[in-house]
Amino acid sequence: MRTRLFLCACFWSVASLQGLAETTLFDFESEADIAAWHDEGKTSLAGDKQLRRIDRFTASGDFSLQFQTPAWRPEEHGGQQRWPAFEGKPPIADWSKFDRLVIEVVNATASSQKLSLFVSDSKRPTRQGAHHTERLAPRSHTRMIFPVRQEFAQKNVDPRDIHVMHFYTEDPPVDMAVFLDRMLLLEPGEEVPPLPAGYLRQIAALYTPAVESMRETLASAADRLKAATTGSANVARWAAAAVADLDRQVADLAAGLKRAEPSVVDAPLELARIDNTLANLESMLAFRLDFEKVRSTVQADQAAATDTVVGFAGSMEKVLPRAAAVSVKARSRVELALARNEEESFQAVVIPHGRELKAVEVQVSDLKSADGALLSVGNVEAVPVGYVETKHVPPYGSTVVGWWPDPILDFLRAVDIAAGDAQAFWVRVHAPKDQSAGVYQGKLTILAGGSPLFVFDLAVRIYGFQTPDASPLPLAITFSPHDHPTPETRDRQSAWRQSADYPINAWKKHKAEWADFLADYYITYDSLYGYKEPDFEILKQLKAEGRLGWFNLGYFDKFSENPAAASQWITGIRSRCEKSKELGLLDHAYIYGCDENPADVFPQVERTAAMIKAAFPDVPVMTTTYDHSYGLDSVIQSIDAWCPLTPRFDLAKAEQARGRGRQVWWYICCGPHHPHANMFVEYPAIEGRLLMGAMTAKYRPDGFLYYQISIWNSQRPIESGPFTAWDPRSWTSYHGDGSWTCVGPDGTPLSTIRLENFRDGLEDYAYFRILEATVAKVESSDEQRRRYDAWLKAAKPLLVVPAEVVKSLTEYTRDPAILYDYRNRLAEAIESAGIPPADPWQ
């Protein structure tokens, strides 16, 4: 046995050394490693930078590369930006078997720095190659991990012909000095070699001052918290214990630095986590002290739950369970307002501090108005919010990797809550169409194990108008469940596809339930990529219920040069068109195609669209082809509905296109990223509501398109909670792009916070349209204009979306209170008109 172990150890040692030798790009052990680098298009370096070998921060061997460049001084450069750079040709040109480039980097300065890298082949310009940026914290080590295989695929860089590595920085805030060493290429599954002890000692020395500073910060915080909690012994004990625990964590970190353990590379993350925990602690303390002011009026059992607090948040907030400052409010009374036929929600958040709470649930009583009208409890749901775990920072960035609120667990009523967790319950109120207007009051109770802990007042105002059954804005949205494996998950997910429990299979036996569920959120059971015939039974049912939106007869690609394909496609669509007409559905139909086609194929797009219009003149033809003139300045003249990405929406051009009888919609997908609004798991929930509501009201797109809401990569449906095994990854490495829905027990539908805000935004837009139509109704008569002159003067300004709500597509509020205020003012204007509200959808 000892011989076998020895032989194995020798084998792996030799293999590792061989692998390392084959995949080392630069180790800076010779002057030749320095001479390989030069300015772009030159053979030497300019005087604005210096590269040299140095015996500091050496991750392997005896030397590293030091990159020095002076600080950006705008007064010396006329305010112009500077990008000090150096580039070289790597000694290995074929990177096809590698998936990562790994470089050890140290920023020795007291300021943050930026280090970026382009990698390209011999044919593609350097700045069109694969790109990666690292933001280097002050006095820190960073392991730059460049996912080259993924980036090469996205930028069409040939991995067998790597020709240039181009490093650069941007406007250094201070004289820049960074150290680079051990540039390695790694194959899939290959681990990064450990760092040597000497390197770890040098890094530990970098971090020691920051650790000492954190000790001082905690000591100061302890004094502040002690002073703040003088009047509450219970809260004081909790705060003191929390600070003591942070002190212990800092002491452990300092000890690890002193021993130069491998974990020293994680010291910045640990310090950031401790700092974040401290900020959250101070935020929670402020909330707890606020709650103590109302505790006596809401606590049902004065002897129980003395360490538990309850707060409330709106539907536009995401309350993280374990990783964020507290955004909830302490109050004894919760108020909500909605129109008839509308659903509006809020969140009750339960946070136990002393011990775990078992079987926690929220119950709401019947609500009654002053004149005795009843809003029965059957119109109120209170269910736990579920959490999904992210495992990486997505392409659009995120400050938190970990548990995020997303699915709404309609199949659960009670959950256990661990001490310190913030568990949200989604309270959804529905106002029936025939509900009397007025204010309805009742009670909201928090229970644990069936026993009441807290009782709050709940007041719901119902307005005297109603939102529509069908979407107030035309929509073209795909619900067509599929998965999206990555290279790492392909084999696993291929096996999962054989299981009836795999979500992309499990939902099918509940197809009718899914169609009904989607219609509740204004979404028609449809697919932009309609290769199969629409489900006419479902569409007919939705039509009968008054809930049918747009649906696609079929997807088209550029078939104008292929007469046989064109004839076959037109024949297939004609049968669908005739069936739609027979069922009375044709006025809801559209045809979509040529998804995101570039300018070089515009002639083919036009010829294909012209053939479609000749065959189906009464059916709108829509595309996301990249004609940003909307047909005003291109050969494409046979498209009825243009659909640009939101950043490409041009209101002036849209008006011109409409003058020619065209529509201009807009869409989002994996882009845009901030500062534009989108609906990723990590983005603020308010963005989806603003996009569908106030932004739509301000910019007036003719419709909204979304490519998919059901990319599911989880092995099984969600069957328990609140912390679920649902995979938030959807398309590639995005979280929630192309996936606004989750799958519950047995394949049943589950909503998400993002889907709720999508519908809420459309309901906000309905408010705007109803007021707009009511104003137009009053202004249509001279007699009414005179009679309601004062009302018009108050109502018409509301038809201009306030800048504090939406100033532009990149400048908008993140404060739910501001949006609620505008929404409520729209509602109150409709209510005070003195005439029945107009129906803009008749």
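Reader: Where does Ser 733 lie?

Author: Helices (H or I, at least four residues) and strands (E, at least two) are DSSP runs, numbered from the N terminus. Ser 733 lies in the loop between strand E31 (704–706) and E32. The model is predicted, so that local features need pLDDT of at least 70 and side-chain atom pairs count only at pLDDT 80 or more, while totals for chains, interfaces and linings use all residues. Residues are numbered from 1 along each chain as its sequence is written, and side-chain values use heavy atoms, with hydrogens and water left out.

Reader: Is Ser 733 buried or exposed?

Author: A residue is called buried under 20% relative accessible area, exposed over 50%, and partly exposed in between, with a 1.4 Å probe and protein chains only. Ser 733 has a relative accessible area of 17% and is therefore buried.

Reader: Which residues is Ser 733 in contact with, leaving aside its neighbours within four places in sequence?

Author: Contact means heavy atoms within 4.5 Å. For Ser 733, the residues in contact are His 392, Pro 394 and Pro 395.

Reader: How is a pair of aromatic rings to be read?

Author: A pair of aromatic rings is described by the distance of the centres and the angle of the planes. Rings of Phe, Tyr and Trp (its six-membered ring) pair if their centres lie within 6.5 Å; planes under 30 degrees apart count as stacked, over 60 as edge-to-face and the rest as tilted. By this rule the model holds 51 aromatic pairs. One of them joins Tyr 396 and Tyr 683, edge-to-face, with 5.4 Å centre to centre and 80° between the planes.

Reader: Where in the chain are Tyr 396 and Tyr 683?

Author: The two are 287 residues apart, and the pair links distant parts of the chain. Tyr 396 is in the loop between strand E18 (380–389) and strand E19 (403–408), and Tyr 683 is in the loop between strand E30 (666–667) and helix H14 (686–692). Tyr 396 counts as buried because its relative accessibility is 10%; Tyr 683 is buried too, at 3%.

Reader: Why is the pair of Tyr 706 and Tyr 707 called tilted?

Author: The planes of these two rings stand at 50°, with the centres 5.5 Å apart, so the pair of Tyr 706 and Tyr 707 is tilted. Tyr 706 is buried, with a relative accessible area of 1%, and Tyr 707 counts as buried at 17%.

Reader: Which residues do ring pairs link into a cluster?

Author: The cluster consists of Phe 479, Trp 507, Trp 514, Phe 517, Tyr 521, Tyr 525, Trp 712 and Trp 726. Tyr 521 also has a charge over its face. A charge sits over a ring if NZ of Lys or CZ of Arg is within 6 Å of the ring centre and within 35 degrees of the ring normal. Arg 759 lies over the face of Tyr 521, at 3.9 Å from the ring centre, and Arg 322 lies over the face of Phe 723, at 4.1 Å.

Reader: How do helices H16 and H19 pack?

Author: Axes are lines fitted to C-alpha atoms, for helices over the stretch in contact, and angles run from 0 to 180 degrees between N-to-C directions. Helix H16 (residues 753–779) and helix H19 (residues 816–831) have axes 9 Å apart, at an angle of about 35°.

Reader: Which residues meet in this contact of H16 and H19?

Author: On H16 they are Asp 764, Tyr 767, Phe 768, Ile 770 and Leu 771; on H19 they are Leu 819, Tyr 822, Arg 823, Leu 826, Ala 827, Ala 829 and Ile 830. Ten residues of the contact are nonpolar, none polar and two charged (Ala, Val, Leu, Ile, Met, Phe, Trp, Tyr, Cys and Pro count as nonpolar, Asp, Glu, Lys and Arg as charged, and the others, Gly among them, as polar).
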